[in-house]
Amino acid sequence: MQDIKLKATEKRGLHELEAGKDLLGWDEVTQGSILPSFEGDASNIAHLKQEERDYSHYNSYTATVASWRVVKPVFNMDVCIDCQNCWVWCPDTSIISRDKQMLGIDYDHCKGCEVCVEVCPTNPKSLLMFNEHEDIENALSQWPEKKKKEKK
Amino acid sequence: MTEIRWHSRAGQGAVSGAKGLGDVVATTGKEVQAFALYGSAKRGAALRAYNRIADEQIFNHAKFMYPDYVLVIDPALAMTDDITMNDKETTKYIITTHLSKEELIKEIPALQGKEDRVYVVDCIQISLDTIKRSMPNSPMLGAFVKVSGMFELDYFLENMKRVLKKFPQKIIDANMEAITRAYNEVK
Amino acid sequence: MPKEIFELQDREVWDGNYAASQAMRQAQVDVMAAYPITPSTPIVENYGNYVANGYIDGEFVMVESEHAAMSACVGASASGGRVATATSSQGFALMAEVLYQASGMRLPIVLNVVNRALASPLNVRGDHADMYLGRDSGWIQLGAFNAQEAYDLALCAFKIGEDHSVRLPVMVHQDGFITSHTAQNVYPLSDEEAYKFVGDFKPVDDMLDFSRPVTYGAQTEEDWHFEHKAKQHKALMDSRPVIDKVFEEFEKISGRKYNRVESYMMEDAEVALVGLGTTVETARVAAKQLRDEEGIKAGVVAIRNFRPFPFDLVRDALENVKSVGVTDRSSPGGAMGFFFNEVSAALYTTPKRPLVTNYIYGLGGRDFSIEDAKNIFREQKANADAGYITTDIQQFSGLRGPKLGFFQTKRS
């Protein structure tokens, strides 16, 4: 492994992604609408975690779309079996998982589509949708019990 | 400016002949042009190729010309194509045929009255004898060298060897023989 | 570096295709992706041959269409290589979508366009229909009038497009068959001189630079698209001095001087013909003969570099003549010819506003003779003498059947 200085930059969701904001003139836009993803030299960063990488403001990692969401998924680690189904299916790469262990949700990029809840196989679900303004602790306290199999 | 029009069938080598001639002429320091009108033409279709030779850069890109020489390398085309089109009072004709000059002119009314400017040579037979296939372009070059007096035969042969250098020695030798024979046989 | 040395004479007899392919070899093009089409086939065929025989250290990529050919060129160029290809006619039309991608991403690809008519009816011969199709694509477009120029301008094209202040793709046009298949004297540069002139390829934003990963092909929509296209247009307009500089440098090593607008016998000209391609040279012969034989002060103006359009230079070249015949070798499709429109617009901003008429000619490779050019000059002379346009404003030259023309001058 290359000996490079690890630094936690954590540039996630620094700026709001919305139309009509931070617009540049023709003389300021990049040549060929080509966008560099990182600040400075990005050699040998493949082993770094997202939060350790120096993303540029062109990269969506530094933008947040949290305000686009009206309902949010809440993750209950007590029920989760780390099957990674939600990580695979999330269309916005907003499930944070390390070493196949679910850690939580990237609320800067999650748009509240509910796919993670849909694909969660546990009983009860390890992810459930709540109102955006619902407190996480409060949401976890309302978690449903395991459902019994319905008799036919 | 010397202008030459070739009458040929696709596959008989008029385009290569015109380009080969251009190649040799260029070595004398002259400016040349060699082109042909073909495209979707299939083997055997009538086509015309053209040369221009001048001391100065050639700017005229039209196919239209008043030819100084008309080179016909297919015997039947001499009869069916309009070989005297846009000719001048000085236009010289070199025509591939097994006929004598008198017999040929009898067959082509357009050539009557131009007897002193018509030359015949059997490029087909010469190529069959030397190159062992019907390839009348090389013999026609030999006949042209004789009739035009543009080069010494030896100079032309030396330079054609360079033009043909990608071919095996046997083919180069056969072409040299074909050019020499036509040079000697054109009447 | 190539393994084999190609043997060159000081004086070669090459056709336009061969000449262009030799420029590709001397520039040591890294990647050529191509789908061959008549009459440009020998350019890409020869490149493949040079690669196979060790004369070029490069890669020939076979693809399934011209759309794919230009797409592969875009990919290779974005990766950071010197890239070129060739096409004609329908092939050019199929590339059209990707031409805009290449210029929008500012990729300095060189495209040899051997001009050929667009079907239908099917025709392999030369007119400028394909070239006109590319006129809004954001490429620099250069016109060669003979084989020597097809070679010279191809070398210049790399140096212009790859200049870091330009970074735009460049087309080099030559007339199908009339240039591409006509062998003429060509005086090539040595391999060393040619490569030194073109220089090493210096990549910008290359995708193979792992220290700086980049996104190509971003989506913009209405809040960004306009600014990007304006910047691109500005770059195209700003390429003009770079083109002038490259032409000057080329003159130093070759003795051959090119200009964005070429003027012949225009110093004292009363009437002029404006054109492109081999027509320009034929018209020069006609103008000279008319001066000697009929005393008509005829001149010829050629728009060698018609994108970016040299609005000011066209004006400078023509503002003092009385009548101008602008020739368009493309079916105008229900309008005045494109060259006519652009030249007229330039001349409209001069104090004297010369008379301008339009000749549609040479479609599908129809021969354009010295006599055809003379007739255009003679009609301009009649206009100059009368002080108004005496013919239809748009006419067809060299067409069989009843005379065809449209629109007359409004005189009251």
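Student: Quick one to start: how far apart are the C-alpha centres of domain 1 and domain 2 of chain A?

Tutor: The two centres lie 25 Å apart. Domain 1 of chain A covers 1-64 and domain 2 covers 67-136, with bounds that come from an automatic or database domain assignment. Bear in mind that this is a predicted model: local features need pLDDT of at least 70, side-chain atom pairs count only at pLDDT 80 or more, and totals for chains, interfaces and linings use all residues. Residues are numbered from 1 along each chain as its sequence is written, and chains are lettered from A and ligands numbered from 1 in the order in which they are written.

Student: OK, on to the chains. Which pair has the most contacts?

Tutor: Chains B and C, among the 2 pairs of chains that touch. Two residues count as in contact if their C-beta atoms, placed from the backbone, lie within 7 Å.

Student: And how close do the C-alpha atoms of chain A and chain B get?

Tutor: Their closest C-alpha atoms lie 40 Å apart, and no contact joins the two chains.

Student: Back to B and C then. How many residues does each chain put in?

Tutor: Chain B puts in 19 residues and chain C 21 residues. On the chain B side, helix H1 (14-27) and strand S2 (31-37) each supply at least two residues. S2(B) gives the most, with 6 residues. Helices (H or I, at least four residues) and strands (E, at least two) are DSSP runs, numbered from the N terminus.

Student: Which strand of chain C does S2(B) join?

Tutor: S2(B) joins strand S8 (residues 183-186) of chain C through 2 bridges, and they run antiparallel. Ala34(B) has Ala183(C) as its bridge partner there. Two strands pair if DSSP finds at least two bridges between them.

Student: What about the contact of chain C with chain A, how many residues there?

Tutor: There are 20 residues from chain C and 18 residues from chain A. Strand S9 (214-215) and H8 of chain C each give two or more residues to the chain C side, and H8(C) gives the most, with 4 residues. That chain C side splits into 8 nonpolar, 5 polar and 7 charged.

Student: Which strand of chain A pairs with S9(C)?

Tutor: Strand S2 (residues 35-36) of chain A, in the antiparallel sense over 2 bridges. In that pairing, Leu35(A) is partnered by Thr215(C).

Student: Now inside chain C. What's the strand order in the open sheet of 5 strands?

Tutor: The order is S4-S5-S7-S6-S13, with mixed pairing. Strand S4 (84-87) and strand S13 (305-307) stand at the edges with a single partner strand each, so one side of each has no neighbour in the sheet. Ile140(C) has Val170(C) as its bridge partner.

Student: Helix packing next. At what angle do H9(C) and H12(C) pack?

Tutor: Helix H9 (residues 278-294) and helix H12 (residues 370-386) of chain C pack at about 60 degrees, with axes 8 Å apart. Axes are lines fitted to C-alpha atoms, for helices over the stretch in contact, and angles run from 0 to 180 degrees between N-to-C directions. That angle makes H9(C) oblique to H12(C): under 35 degrees counts as roughly parallel, over 145 as roughly antiparallel, 65 to 115 as roughly perpendicular and the rest as oblique.

Student: Left-handed or right-handed crossing?

Tutor: The crossing of H9(C) and H12(C) is right-handed; the near helix is turned from the far one by less than a right angle, anticlockwise for left-handed and clockwise for right-handed. The contact of H9(C) with H12(C) has 8 nonpolar, 2 polar and 1 charged residues.

Note on methods:
Nonpolar A, V, L, I, M, F, W, Y, C, P; charged D, E, K, R; others polar.
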